[in-house]
Every structure is written in C-alpha cells, then in structure tokens.
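Please read them with the coordinates open.

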Amino acid sequence: MAKATFVVPALRQYPQVPAVTPGTMAHSAPFVAKPEFQSPLGFPGALADDWQAQAITKMGELLGKYRSLRVYMDSCVKCGACTDKCHYFLGTKDPKNMPVGRQDLMRKVYRRYFTLVGRIAPKLVGATDFTKEVLDDWYSYFHQCSQCRRCSVFCPYGIDTAEISMAAREIMDSIGVGQKYCNEIIGKVYTIGNNLGLPGPALRDTLEGLEEDVYDETGVKVRYPIDQVGADILLVTPSADFFAEPHVDGLIGYGKVFHEAGVSWTLSSYASEAANFGMFIGSYENMRRISLRIREEAIRLKVKRIIFGECGHAWRVAYSFLNTLAGPWDFLDSRYPVPQHICEFTYDLIQQGKLTFDKTQNDDKVLTYHDSCNVARASRMGDQPGGQFDIPRAIIKAVCNQFYDMDEDTIRDRTFCCGGGGGLLTDDLMELRVKGAQPRVEALNNVMQEKGVTHMAAICAICKSQFTKVLPYYGMEMDQIVSLHQLVSNAIVLTPREDDDEDDDEDGEDDAQALDDDDSESIDEAA
Amino acid sequence: MSFLTGLYAFAFYFAALVLVAGLTWKVVQYARTPAPLKIPTTPAPITGGGVVLRMTREVVLFESLFRGNKWTWIFSWIFHFGLFLVTLRHLRYFMDPVPTPIAFIQPFGIYAGFAMVLGLAGLWARRFLVDRVRYISSPSDHLILGLLVLIGCSGILMSFVVHTDIVSVKAFFLGLYSFDLKPLPADPLLLLHLSLVAGLMIIFPFSKLLHAPGLFFSPTRNQVDNPREWRHLAPWAARFEQR
Ligand code: HEM
Ligand code: SF4
Ligand code: SF4
C-alpha cells in the first residue's frame, strides 16, 4: 500500500501557496472510454474527422442552454482571487489547475469562435483555435477538477469552474472523447441499477447478513428491508454502503435509527444507487434518466417519503435537482421535504428526544468533521442556510464526547475537497488524487498534532473511499476516516422488541459471504 | 463648425450607440438564456429579499472578493468607488440645471479621481508582482488598465494643472442632445481624455467589462435556495417531459 511513483506533497504547519510551475500535471489524464461505454449513454464512440466543427456547434448549443456558461465565459476580469483556492493547484503547482487557468482553456476557444475581438485579434485576448493540442489539454485538465465549487465562493462574480468543467466534458462526450470511469459506471446503473453493478440477489444476501451481524452483536432484531411495497420511507443510498468499510457501518447506523424511530422503510434493488454520475459529465439527459429510476421506484413501492443516505454529490443532485429532474413529488407525504437527508432525519429524532445514546462507546476516538464539498457549497439541510454545517456537527456532538473542528479556513463553505470528487475517484488518476488531498490532509494533520484528533467523520461515499486510499500515502491509517452514522451506530441504545428472542435464520450461515473479495477490490473504483 | 468638433461629435454618437446597443444585446442574451438547474453557492438566501441583500453586498462591498483576497479587494474597491464618484461628478456636464446632489459631490469627485488611479496602480502592480496573476494576464488586461489610468491621469491634469474651457465642453455635450453642434475647445489633453473615454465606451460590450452586467445574472449569486419547495424547470428541459 501507498507506494508512490511520484512525490507525495509535504504536510506543513502553515499552508503555503506554491510558486506557479507550468506543466507539472500535463501528463495526467484518465483512461478514455471505449465505444462500448459511450453508446449506452448516447455518445459517439470516437473522434470524427470534423470533430472540431462538431465541438464548436455543441459549445454554441450549451451557451444557449446554460446561463452560467454564457455569463461566466464573458465575466472573468482575471482578478486572481480564485488562483490560490483550488486544492489541485495547491497540491500540484500547475497553473492550469488554478480555477481561472482551467476556465481559460475553454475561454480561449470561446473567444476565438464566439466573440468579435477574439475573431479579429485573437492574440490580444488570448484566444486560440480549437486544435488537437487544446483538446488534449481539455481532456487532461477538465479531468483535474473535482467540481467542488470552492473557487465560486471567492470569485466576485461567483464564477463556478464546476459549471465549465461539466460543459467541457459534455462537449468532449458529444464528439466521442469520454472518460472511461464515469461512463462505464453510468452504464452499470442503466443495466444493473447501481455504480458497483451489484444485482438484486447479492443485495438481499448482504442485507440479510447485516441483520444477522447486528443481531449477534446487540441482541436486537434490526431490519434491513429491500423492495418492500408499502413501506413509508424509501432509502436511497450510495451502493458503496452495501459493503466495504467504513461505508457499511453507516448503513448499519441508518437501520438502527429507523428501528428506534419505529418507521417502516425499504431500500430498492432497481434504484439501488444514490450517486448520479450524470452530473459529473454535465449531461442533463443522463442525470435525468438516472434520477427517474428513483421516481419509478417511489411509485412502485408506494412509499410516502424519500430519504438519502450519506453521499455528497448525490445529495446535491437530490436536494438541488431532484425536484427539477424527476418531480413533481405531489404523490408523497407533503409534511416532509422531498427528499430528506438521513442526517436531517436523525437530527429531528434527537431534537424530539427519541434517541438514547451512550456516548462513551465512542470514547476511543477524538473526532473532527470533513464538510464534503457538494453538501457544503451546493445544498442545504434543515430549514436554515448553513444547516448543512450545523446538523452533522450537532449529531456528532450528540454521540461523541470529543470533537474538534479543523482550521476555519478549511471547513464549512471554505472546506477543501477530499481530492477524489467529480468523477476522479479512479486508480488511473492516483497521483492527482494524492496531491489534491494535500490541503485537506494538512489541516487534518494539524488538528491531530494540536488536539489529538484520531478520526475524521464524513458523509460522502467518495470522500470515504478517497481518504481510505490516500491517507496511507501521508503516513496515516486508512481507518481514520469514518461514516457519521457509524458513530451514531456505535452510541445508539437500541430498544429490544418482543420478537427479538426468536431466531428466524433458517437459510444457511454464509449469506454474508455473497459478495466475494473480488468485488471489494473494485469498491473504491466505483463509490 | 470645425472638423474637430464634427469628428468628436460623431465619435460620441457612435460610442454611445455601440455602448447602449451592445449592452442591451448582451443583457437580453443573458436574460434569455435559461438557467436549467438550481446552482446557488450555498449557504444561500432562502427568500427573494435575501437574494437582493446578497447581491447588494456583492455590488456595493464586493463581499466574495473580500473573502478571497484582501489586497485585491482594497485596491479594487478604492478604484471602483473612485470611478463611481467620478462618474457621478461628470454628470454635471450632461445636465442643466445641475441637480443638488451632483453639485454637492463635486469636491469629493475631484479627489475620487486620485483614488481611482491609486486603486488602478495597485491592481496593475499585482499583474506584475504576483506570479499567479501574471500567468493569467493577457495583453487586453494590461491595455484596459492602461486605458483607465490614462483617462484618470488626463482628467486629473485638467482639474489641477492645465485647465480647459469647461463651459464650452458642457455646451458641446448639451448640444449633442439636439444635434446642435457647439465648438469643442482644441486642448490636446481634453481631446486625449475624450477619445479615450469614447474608446472605453466602445470596448465595453466586447470585453471583460461585461463583468458589471454579468454579476447580476450569475446563477450562483442570484438564485434563491428553495429547490425542494419550488420546482424549477427550464423550457428546454420541460420538453423532455412531453415525451
Ligand atoms: C456593477 C458595477 C461593477 C461591479 C460590481 C464591479 C466589480 C468589480 C470587481 C469585484 C472586480 C474584481 C477586482 C479587480 O480586479 O479589480 C472588478 C474589476 C474591474 N472592473 Fe469592475 N465593477 C463594476 C463596474 C465597472 C465599470 C463600470 C468599469 C469601467 C469602466 C469597471 C472596470 C473594471 C476593471 C478595468 C477591472 C479589472 C481590474 C484589473 O485589471 O485588475 N468595473 N470589477
Ligand atoms: S471547482 Fe474545485 S476542483 Fe474545480 S477548479 Fe474550482 S476549486 Fe478547483
Ligand atoms: S476570481 Fe473570478 S473573476 Fe477573478 S480570476 Fe477567478 S474566475 Fe476570474
């Protein structure tokens, strides 16, 4: 583990902005999608001879469909406020990883083909033709953006480089240059139902195994139901939660919370994925198609509410886009927001005094909390702005005795990305992932030194997978990253029910082994 | 009517036309382009009134820039506030009688010219001194700064050193309203100042100066954070639902 073929950045006590060093990451590019991964998404398989004309046409189309793109292409004044805000620039020193440097890769093409000055005097405004070299740069650097939106917080016009990266990936997909990781995964959602490609029977076996484990450990029968028509709540969670540490410990926690709430709930094997990689590739159509699976299941299972498990970008799509993409939700119970986050659900129960905790169960840990970018800067929890920061922290404090925040400049809406978001959580981008994690790990390291923090909680499947993989590069342990509901699960005091004594496990011992080791290898490839 | 007067009259008619038509075209284009998804940078206001407040803080105080970079913020704010006062002050050349508020700010307006140039100098220095900002600067970024500095300096020189015949200048501009061309004084400094201003008006709709209208259309700043309560649907996206 953690053998690097590149230099792992140093962790310092005080962050430093590196000197601009062009080209350090020019070699970094993810695997290109083969034609068989492109066609299920409606994209051509390879570059055509007239790709340049096609790309310009597509760009014009997107400029007419997205106000963000249109306004952001024009508005940047090159003030530089964003230049030291991107974790990928801070970790790699490559100026094309400065948000404005990344935007300019598209802006120079925009100016050349869509503005008067760029057409007549390209040199004056840094405009260039859309050449193969420029396309290669696009492929490389628009896959070095985790769409975390940190830059948009500090830009005086709110220019969101994520919008530009999404548009760039959509343009590249439309001319046949797709990214293997994202597009292959989206294909799996269409054919099997989730990113990991876990079929229904495997899910059922896993959940039965979980029920047994929890029963063995606690003596209480906590249910993990799937495909149960007529349940009140449909839980949609990232498929990473179905196994692999620390994700699955979070799923165990959701079940315990539902158990204590006394509500009926169910997972779905058809909509067994909260993640929506359609967003990463900027494709409204694909994002909508994935979202509609949740609508279909909510109708088929006759549920009254929808709750999402711990996943950052999934919560963005759910909170901000689901109503748009798959609404209206008028057939669900209007007393609850649609959808809800599992943290909102747990927090409400805590507020009502319905959950009992034994905080000492977490006394072996000193916690800090990582705000995942999509939760922090692209969504909300509760009914007040900023609830996305306060609610998870309130839950942690309710279940743990020892909690310290990281440096103010690195949390809440200024949080640093884990380095693996935005469709970059793939082994072919390992160098980028490690280097991009540097600002976050540096802040973590500082609270470890100063406050004795031992663990970092997160509510995002990508963050959890990414940290599990990159923390060892920095000399830390992979299990220092934990699920928030894992902490809830540890501390929650379960109420026994009457049927707890009966042993109803008739069908064999080894259900839990249904998923073999092979699958668990691929987990962080597909969280 | 001298050739010079005719030339400048034409230049200002042309510049005003380009500015107004160009900006209208851009604003209409921005307004017509749908924002299909809710993308406010959160935490964001959850009411329309909250958005007006957020936007006001951005326009008046440059709130995000303040969080982003204090040096750029201070220079930028000095420059823009200076520019704002200077512009207000100049209104007296275009109005008769001069409204009391405009008359009131005249003394401040003069010193605002210095503030403007100072702010610009600071911003320009950053383009040379900070390696990241140097990397992202293209010739046009320097040219626009140069243009504004020259406008500012020529204006200051006229206020304090080589005065020009202000009464005639005002008569010239008031005359333009009724296509009644009054002679423009042929002072070189005035002519330089005026041609640069006309140039600024002409490049405005074709350059990064579009940041001024752009800010108001930025979805990350002007959207209300209420996606669960209100279904937001762009016309082109609604078409998917008819299938
Ligand atoms: C709604 C009105 C406006 C707002 C909110 C606004 C805001 C800003 C902000 C926040 C910056 C970035 C910081 C900086 O680099 O200075 C900026 C830059 C700039 N603004 Fe404005 N501005 C407005 C109107 C104007 C107008 C009318 C002009 C000029 C004619 C102008 C000229 C400039 C220039 C030249 C820069 C770039 C400075 C540089 O190169 O560093 N702005 N503006
Ligand atoms: S969205 Fe995040 S990763 Fe992308 S440029 Fe901005 S700060 Fe960097
Ligand atoms: S902060 Fe915004 S305006 Fe300034 S350089 Fe970055 S993208 Fe451009």
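**Notes on the predicted model**

1. In chain A, the side chains of A:D333 and A:R335 meet in a salt bridge, with N and O 2.7 Å apart; the term stands for a side-chain nitrogen of Lys or Arg within 4 Å of a carboxyl oxygen of Asp or Glu. A:D333 is buried at a relative accessible area of 15%, whereas A:R335 is exposed at 65%, where buried means under 20% relative accessible area, exposed over 50% and partly exposed in between (1.4 Å probe, protein chains only).

2. On conventions, this is a predicted model, in which local features need pLDDT of at least 70 and side-chain atom pairs count only at pLDDT 80 or more, while totals for chains, interfaces and linings use all residues. Residues are numbered from 1 along each chain as its sequence is written, chains are lettered from A and ligands numbered from 1 in the order in which they are written, and side-chain values use heavy atoms, with hydrogens and water left out.

3. Over all chains the structure holds 38 salt bridges. One of them pairs A:K58 with A:E170, the closest N and O atoms being 4.0 Å apart; A:K58 lies in helix α2 (residues 51–65) of chain A and A:E170 in helix α9 of chain A, so the pair ties together parts that are 112 residues apart in sequence. Helices here are DSSP runs (H or I, at least four residues), as strands are (E, at least two), numbered from the N terminus. Both A:K58 and A:E170 are buried.

4. A further salt bridge joins A:D129 to A:R112, with 2.8 Å between the closest N and O atoms. A:D129 sits in the loop between α6 (116–120) and α7 (132–141) of chain A, and A:R112 in helix α5 of chain A, 17 residues apart. A:D129 counts as partly exposed at 37% relative accessibility, and A:R112 counts as partly exposed at 22%.

5. Turning to the ligands, 14 residues surround ligand 2, the closest being A:C86, A:C145, A:C148, A:R149 and A:C151; a residue is taken as near if one of its heavy atoms lies within 4 Å. Elements giving two or more residues to this shell are α4 (87–92), α5 (99–114), α8 (150–154) and α9 (161–174) of chain A. Around ligand 3 there are 13 residues, of which A:C76, A:C79, A:G80, A:C82 and A:C155 come nearest.

6. By class, the shell around ligand 2 divides into seven nonpolar, four polar and three charged residues, and the shell around ligand 3 into 10 nonpolar, two polar and one charged. In this scheme Ala, Val, Leu, Ile, Met, Phe, Trp, Tyr, Cys and Pro count as nonpolar, Asp, Glu, Lys and Arg as charged, and the others, Gly among them, as polar.

7. The contact between the chains takes 61 residues from chain B and 79 residues from chain A, contact meaning heavy atoms within 4.5 Å. About 5,600 Å² is buried between chain B and chain A, with carbon and sulfur atoms giving 57%; buried area is the accessible area (1.4 Å probe) that two parts lose on being put together, summed over both. There are five salt bridges between chain B and chain A, and A:D84 forms a salt bridge with B:R132, the closest N and O atoms being 3.7 Å apart.
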